[in-house]
Amino acid sequence: MLYLFWIPVALIFHSYVLYPSILWLLAIWHPNNKHTYATSDSLPIVTILMAVYNEEAVIHKKIESIFNTTYPLKKLQVIVGSDSSTDRTDQILTQLSKEHASLHFLKFQRRGKSNTINELVDMAAGEIIISTDANVIFDTNTIFELVKHFKNPTIGLVDSRVSNTGVIKSGISIPESTYINREVHIKNREGRVWGSMMGPFGGCFAIRKSCYKKVPPTFLVDDFFICMKVIEQKLSTINSMDAIVYEDVSNYIDEEFRRKVRISIGAFQNLWHFKRLLWPPYKGRSFAFLSHKVIRWFGPFLIALALGANMVLAMQSNFYQILLILFLASFLISLIDFLLKRINIHITFVRFITHFYGMNLALLLGFFKFVKGVKSNVWQPTQRNQ
């Protein structure tokens with residue numbers, strides 16, 4: 001029974017604490033990629049792809065941020081596919097395509113982001129593709145900072161660094177933003193140490209067109225699938241800390257929970273598809289996949305196993321009785337946080353605990369939805385704060 005308690009605890013500790021610490025130490029001896037283009041070099045043609053659905057609030061700002069760039073405009077192609085938008089998105093894009101000759105706009109029947117991007121890839125003229133979302137705003141140097149790394153022929157995919165805006169105390173934006181920022185640093189170090197960053201920020205990443213493999217029609221997390229396909233081709237996937245983009249972080253618990261359930265379904269789809277990459281476990285890519293992703297995805301089962309074992313052990317030892325009280329108290333804190341939120345009281349530390357358990361509950365629901373089967377990847381985008 002001791003093993004049934006301590007092994008799950010050790011695995012969770014490894015994924016959230018020990019593994020990032022190991023990476024931090026190893027990354028000291030592994031600098032970021034230095035084999036890059038200079039601004040004076042002959043830069044490659046870049047195609048920026050977007051699938052949009054009802055993005056009238058942000059689409060104009062997004063397009064202008066693309067063209068307000070230090071990258072040579074004559075080497076930019078932008079293709080946007082509207083996935084049956086029902087608001088003013090199509091009208092705005094029609095007008096913008098008249099103002100920017102390299103902006104191409106197409107309308108599609110509702111099919112989901114990845115299926116739309118799959119079609120747009122075939123139209124791309126650039127040897128480098130940047131996949132991005134409408135609500136992710138570019139900095140003037142974003143495109144160059146992504147593309148410069150492709151001078152290194154061993155690199156197949158480059159991720160951006162997201163900077164969150166709209167962080168406020170009333171909802172979950174503080175723990176969510178903290179979690180995202182921590183993930184960025186972990187992924188950067190994975191790329192530096194092993195050349196195997198475990199999944200890009202889906203809102204903006206660059207990939208060689210020759211490396212792009214089309215996402216299966218019912219897959220819900222396309223960015224992770226695309227990244228792992230690059231790793232399968234024995235090319236590096238890295239994060240560029242200088243390729244900064246801006247995204248308004250979600251602050252709504254219900255909206256974010258729904259998004260995390262969807263991501264969780266996609267996580268298990270990808271695990272099943274790429275399970276062979278977990279072997280041999282001593283390889284960097286396999287160790288990263290297991291430590292960073294797989295253990296976390298099975299977090300709710302590990303928590304349940306540890307709790308059940310703790311209940312049995314508590315009947316035999318005062319020490320485990322104390323651990324059980326602390327265990328149950330952490331669940332109670334999430335309930336208290338829910339009640340406090342209803343009277344507009346927000347305690348940041350407590351909200352982090354709620355965020356952790358909420359994420360694991362989403363993983364649990366996502367697992368059962370995955371087992372049940374997925375018939376479509378079409379979904380409603382998460383509401384942001386703008």
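This is a predicted model: local features need pLDDT of at least 70, side-chain atom pairs count only at pLDDT 80 or more; totals for chains, interfaces and linings use all residues.
**The cores.** Start by selecting Ile48, Ile63, Ile130 and Ile143. These residues have the most contacts inside the largest nonpolar core, which has 43 residues. Next, select Val221, Ile226, Ala267 and Phe274, which are among the 42 residues of a second, separate core. In soluble globular proteins, nonpolar side chains tend to be buried together.

**Leu120.** Go to helix α4, residues 113–121, and pick out Leu120. Is Leu120 buried or exposed? Its relative accessibility is 0%, so Leu120 counts as buried, the cut-off being under 20%. Show Leu49, Met50, Ile79, Val80, Gly81, Leu106 and Phe108 around it: Leu120 touches these residues, not counting those up to four places away in sequence.

**Helices α6 and α12.** Select residues 173–194 for α6 and 348–372 for α12; their axes come within 8 Å and cross at roughly 65°. The two helices are therefore roughly perpendicular to each other, and α6 passes α12 in a right-handed crossing. To see the contact, display Ile174, Pro175, Glu176, Thr178 and Tyr179 on α6, which meet Thr348, Arg351, Phe352, His355 and Met359 on α12. Coloured by residue type, this contact divides into five nonpolar, three polar and two charged residues.

Methods
Residues are numbered from 1 along each chain as its sequence is written. Side-chain values use heavy atoms; hydrogens and water are left out. A nonpolar core is a set of buried Ala, Val, Leu, Ile, Met, Phe, Trp, Tyr and Cys residues joined through side-chain atoms within 4.5 Å. Buried means under 20% relative accessible area, exposed over 50%, partly exposed in between (1.4 Å probe, protein chains only). Helices (H or I, at least four residues) and strands (E, at least two) are DSSP runs, numbered from the N terminus. Contact means heavy atoms within 4.5 Å. Axes are lines fitted to C-alpha atoms, for helices over the stretch in contact, and angles run from 0 to 180 degrees between N-to-C directions. Angles under 35 degrees count as roughly parallel, over 145 as roughly antiparallel, 65 to 115 as roughly perpendicular and the rest as oblique. A crossing is left-handed if the near helix is turned anticlockwise from the far one by less than a right angle, and right-handed if clockwise. Ala, Val, Leu, Ile, Met, Phe, Trp, Tyr, Cys and Pro count as nonpolar, Asp, Glu, Lys and Arg as charged, and the others, Gly among them, as polar.
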